[in-house]
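Hi everyone, thanks for making the time this morning. I'd like to walk you through one structure, so please have a look at the sequence and the model as I bring them up.

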Amino acid sequence: MKLTIARLGHRGDGIAEGFYAPGTLPGEEVEGEPQGDTLTDIRILTPSAARVKPPCPHARTCGGCLMQHASDATVAEWKTGIVRGALDGQGLSAEVRPILTSPPRSRRRATLAARRTKGGILMGFHTRASDSITPVPNCHLLHPDLIAAFPALEALVKLGGSRTVEMTLAVTRTLTGPDVVVTNAKPADAELQLDLARLVESFGMSRLTWNGEIVAQRTPPIIKLGPTRVTLPPAAFLQATEEGEAALLTLVREAVGPAKKIIDLFSGLGTFALPLAQQAEVHAVENDVALLTALDKGFRQGEGLKRVTNDIRDLYRRPLEPDEFKGIDAVVIDPPRAGAEAQCHTLAQSKVARIAMVSCNPITFARDAKILIAGGYTLQWVQPVDQFRWSNHVELAALFTL
Ligand SMILES: C[S@@+](CC[C@H](N)C(=O)[O-])C[C@H]1O[C@@H](n2cnc3c(N)ncnc32)[C@H](O)[C@@H]1O
């Protein structure tokens with residue numbers, strides 16, 4: 001069957017006449033075998049001018065990246081289109097600024113899969129549409145410091161991996177060395193614990209968490225947030241790239257303007273709250289106790305910061321009420337993928353002059369934006385931000401004013 005690809009779908013597949021054609025681009029004439037709604041055994045008859053040679057040598061097999069065959073401009077246009085499409089879907093219009101994409105080799109956290117094999121070990125990302133594992137020693141996504149941690153991770157797999165159960169290794173780059181969280185590993189008996197502690201020392205890891213327990217810490221895993229430093233709780237949420245975090249912070253700063261009193265909702269460990277405390281008193285709200293404890297410690301260690309208070313609260317079950325925003329100049333809100341529907345309903349009834357919203361899901365963002373707009377807010381601009389280049393994820397920051 002021959003088809004001409006009309007457009008890219010949300011998962012990055014080319015779409016033509018009701019068929020998904022993975023790895024194809026708009027305008028390409030392709031030939032393949034239909035299987036259900038998918039074209040398989042695809043041959044590209046007429047390649048698009050937007051087609052590029054994947055920069056990463058693992059791109060053909062690795063399932064980590066979807067869009068390495070497309071030029072940066074094509075991916076940027078497609079992701080911006082996803083944001084525009086979500087706004088259109090709710091009947092909203094706003095200035096959509098040009099996307100800010102993190103550079104290659106900038107991801108500071110990654111989760112790798114691993115197991116032992118007859119001859120040694122296998123560690124990497126899952127192979128495209130499969131449970132098998134592709135080693136990724138030359139990955140173009142990960143920060144070089146994460147690649148440099150591979151020998152340490154491989155040594156952990158040798159010690160604690162099995163041939164039947166897949167182990168996962170989540171590694172985060174910190175100022176004090178890689179922070180590693182291993183799950184599905186062999187239980188750490190006394191002997192294994194000693195071996196693991198030796199590995200942490202010899203490979204310069206900051207900390208090792210093994211099946212949910214911290215088994216070794218050479219030094220606390222520390223990251224810099226604005227004027228202060230924060231110790232990462234194990235498996236803590238952290239923006240995926242430093243460049244993306246800096247871009248989001250610049251946008252949030254622009255959005256809150258000269259605010260002197262700010263509430264930061266879904267604050268995490270203070271990515272926005274702590275730097276904003278250089279200009280304003282900040283009240284941070286979040287439901288993860290470990291993140292708020294880290295934020296509070298970071299605040300106490302920072303110099304020249306205005307007061308930062310915090311509240312442990314489930315914002316889905318108990319969103320802040322409209323009168324809790326009295327006297328507040330600006331709100332920062334950065335919910336998980338599910339968005340912040342309940343919180344936006346009460347925020348829409350508040351008198352807060354400026355709302356900076358950060359979102360990792362354009363669909364729930366647009367739903368929540370519509371709630372704020374119905375309450376009298378104006379959506380001034382939307383800035384797409386891409387920390388997950390070559391994937392189908394896109395994030396954004398936006399400003400609402402009253
Ligand atoms: C996208 S992260 C943003 C964190 C922070 N703003 C940052 O940039 O590092 C979303 C945060 O919402 C928190 N969260 C998830 N569900 C929540 C809930 N029901 N109530 C309050 N916070 C929640 C998570 O713990 C996480 O820290």
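Predicted model: local features only at pLDDT ≥ 70, side-chain atom pairs only at ≥ 80, totals over all residues.

Strand β22 and strand β24, which spans residues 395–401, pair in the antiparallel sense, with six bridges between them.

Now, β22 has another partner. Strand β21, residues 330–333, pairs with β22 in the parallel sense, over four bridges. Here the place to look is alanine 330, standing opposite arginine 354 in β22. And what do β21 and β22 make together with helix α8? They form a β-α-β unit, a right-handed one, with α8 covering residues 341–347.

Let's move over to the ligand. Which residues come nearest to it? There are 18 residues around the ligand, and the nearest are Gln239, Thr271, Glu286, Asp314 and Leu315. By class, that shell has eight nonpolar residues, five polar ones and five charged ones.

Glutamate 286 places a polar side-chain atom 2.6 Å from an oxygen atom of the ligand. Aspartate 314 has a polar side-chain atom 2.9 Å from a ligand nitrogen atom. With phenylalanine 266, a backbone N or O atom is involved, lying 3.0 Å from a nitrogen atom of the ligand. On its own the ligand has 600 Å² of accessible area, and the protein covers 90% of that.

Last, two residues with backbone angles worth a look. Alanine 235 has a phi near 60°, a positive value in a residue other than glycine. You'll find alanine 235 in the loop between β17 (228–231) and α5 (242–256). Tryptophan 390 also has a positive phi, near 70°, and again this is a residue other than glycine. Tryptophan 390 lies in the loop between β23 (378–386) and β24.

Which of the two is buried, and which is exposed? Alanine 235 is exposed because its relative accessible area of 64% is over 50%. Tryptophan 390, at 4%, is buried because that is under 20%.

Technical notes. Residues numbered from 1 in each chain as written. Heavy atoms only, no water. Near = heavy atom within 4 Å. Polar contact = N/O pair within 3.5 Å; in protein donor to acceptor, adjacent residues only side chain to side chain. Areas by Shrake-Rupley, 256 points an atom, 1.4 Å probe, with all protein chains shown as cover. Nonpolar A, V, L, I, M, F, W, Y, C, P; charged D, E, K, R; others polar. Pairing = 2+ DSSP bridges. Right-handed = clockwise from strand over helix to strand, strands pointing away. Buried < 20%, exposed > 50% of the residue type's maximum accessible area, 1.4 Å probe, protein only.
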